[in-house]
Amino acid sequence: MLEETLKRIQAHKGVVGTIVVNAEGIPIRTTLDNSTTVQYAGLLHQLTMKARSTVRDIDPQNDLTFLRIRSKKHEIMVAPDKEYLLIVIQNPCE
Amino acid sequence: FCSDASTEMGEGLDEWAAAKTLIKPPDQLELTEAELKEEFTRILTANNPHAPQNIVRYSFKERTYKPISYVDQMAIHFSLNGNMILKDSDEGRCQNARLSTEADSKIISEEAEIKDEESTEDIQAAGEEEAEETGTAEAAEAAEAEELPPPRPKERKLANQFNFIERASKTLNNPLRDRACQSEPTPCKNFSATANQWEIYDAYVEELQKMEKSKEKEKPRAHIAKKEEKRRGRKSTSLESQSDDITKVSKAAKIMERMVNQNTFDDIAQDFKYFEDASDEYRDQQGTLLPLWKFQYDKTKRLAVTAISWNPKYKDLFAVGYGSYDFMKQSQGMLLLYTMKNPSFPEYIFSSESGIMCLDIHNDHPHLVAVGFYDGNVAIYNLKKPSSQPSHKSSAKSGKHMDPVWQVSVLFLSSNLLLFMWNLLCLQNELVHTDVIKLSVEGTTMQGPEGLQLQTFGCGTSFDFHKKIDYLFLVGTEEGKIYKCSKCYSSQFLDVFEAHHMAVDAVSWNPYHMKVFISCSSDWTVKIWDHTIKTPMFIYDLNSAVGDVAWSPYSSTVFAAVTTDGKAHVFDLSVNKYEAICTQVVVAKKKNKITHIQFNPVYPVVIIGDDRGHVTCLKLSPNLRRMPKEKKGQEVKKGPEVEIAKLDKLLNLVREPAGQAGR
């Protein structure tokens, strides 16, 4: 079920790459090359932790569900989970 | 010395010489008379003429040689080292003792027999020598024998003036040994954490959960099934903890997919949310349907959409049943649930062997979907469970319908007008049906062979329960009649309407007005009825077989109908009683028949299903959603009363002539 979902996401229009990162910031699944993956995983892991900390500090009953960073070239979407992090980079069609 | 001596000696010498003949030594100085009378002074001192007079010694203080002030003047003429010992000294006594013992050895033999105290006294007076001798003589007498020389007095040890003797002793020093023991270092781990507001909150929540769990465990457990579930639960958790399960990302992946889709279909999402067609102002009451998303799934390409229903709880979720209206060719069926948040892939997929004809979602349990099949079976799918098979399915044993199940709505209607009430008995996990009504159509007895009278049942194709009056419901049949029935009467119907010439495809009560319902049929017409009146209030001819009709949830006067020529018609009776305010071709290809339409209860969208397996979502333009305009100064009234009043007003306009004419 999950495999299909990930495949669909990867096959979707404009999606550049998908990375699954575990709780320690180590990528366990990726469709990009190694160096890029490691870079994305490390940086986004930290950012997600910070974002989550921010949200929860303001209201501990709240929690981060999604993080989206839109840049000039593409959009990085991060979906945090209890133990994992799913990162998708997409070129939104404009 | 007297220096005069020489002169005297000279004179003496002279006298002697006078007396005698002067003898002159050969080396005598020849002195003159004057020189002979010269007086030489001679001083007698105690100085030693041989002593040096200028001894110098080196002075380290002044670093020079300095003459000594005094020189020793003693002249030694003769010296002899003597060997005399003082009698009283120790050495002397020892010597005496030694000598006396030697002498006594000779005396003992002579004086052995004599005992003389006087002699001893004499000896004592004489000296110690003799005292010693007598002492030894007495000892010898006492000894009385030819003894060897008596023991000598012990020689005393020489000691210093303090009579101090040093004694020391040393204990044994044990050799030192070094012994060490090292334990294994305790494993250390670096731990760092920040104490945030939410970390504290999490800790408290965990504590709370633990407490609750412990409370639950205290409650007695009688049900075995629960125990089994617990076991199963334990098993599943242990499995999960073993493997580094990536399937836990499924939730995140779902959200991600929706986000990705949102990006791709960004403009559509924006339209859905915010777009209001401004040109409606200029269209003079006409409205449009803006196509939004199109939902399709490759496995349903050959199937027709046979049923659509919105989920009562999740306003963006809708269920689509797939089957086939072609009764010659029946294939498998599918049940898909889509969400508007993800237009590219359905959320839930169920497949079945028989084509689905109808479906309904339970109002109170929105995870239960009831489905009626072409083969007469009925099934209930539970969305909470992950299996792709229905959780309950009727079978021949439990009494299935003989014919295709046309409509489902907590109750099921089958084509031969048997209304079963299917109850889901949780404990027994069975679908049990109870007959609600079994209608027999009056006056349609047929003459069968051998004169048997068969009562043919009419075929029901659609029904609808009244929203407020619980027991009242309508049934539409294949012949075009509509029966008004009640749950209380199981074999009789309350009323019948000669509605259409062909099969009634849909009947629906008005959501606001108590008395009004609408029906549509393949005879190209849509009719609006008051159930107390036998003739319809409004009739609309749409030039094509009408597949479905639906009231809008926001207004009592708006309804939409779809026809097999691919058009959707939207009517608003308060705006235009005779014509549709929107007629629009909705599906792309020709020969694509639209089969169903449903309004979303919350959003201004409709979904339309066609017989190619596509579901299209369209947004209603503002003209189609018109609310009654407020008069100046008056408040805008909202709510069902307003809607009812609105419709009533319309009906009254229609009714009077109909009332005059019809009744």
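How many bridges pair strand 4 (residues 75-80) of chain A with strand 5 (residues 85-90) of chain A? There are 6, and the pairing is antiparallel; strands here are DSSP runs of E of at least two residues, helices are runs of H or I of at least four, both numbered from the N terminus, and two strands count as paired if DSSP finds at least two bridges between them. One such bridge joins Val78(A) to Ile87(A) of strand 5.

The model is a predicted one, with local features needing pLDDT of at least 70 and side-chain atom pairs counting only at pLDDT 80 or more, while totals for chains, interfaces and linings use all residues. Residues are numbered from 1 along each chain as its sequence is written, chains are lettered from A and ligands numbered from 1 in the order written, and side-chain values use heavy atoms, leaving out hydrogens and water.

Zooming out, chain A has an open sheet of 5 strands in the order 2-1-5-4-3, with antiparallel pairing. Strand 2 (27-30) and strand 3 (67-70) sit at the edges with a single partner strand each, so one side of each has no neighbour in the sheet. Helix 1 (residues 2-11) of chain A lies across strand 1 (15-21), strand 2 and strand 5, with contact meaning heavy atoms within 4.5 Å.

Then there is a meeting of chains: the axes of helix 2 (residues 34-58) of chain A and helix 6 (residues 197-218) of chain B come within 7 Å and cross at roughly 70 degrees. Axes are lines fitted to C-alpha atoms, for helices over the stretch in contact, with angles from 0 to 180 degrees between N-to-C directions. Ser53(A), Arg56(A) and Asp57(A) make the contact with Gln197(B), Trp198(B), Tyr201(B) and Asp202(B).
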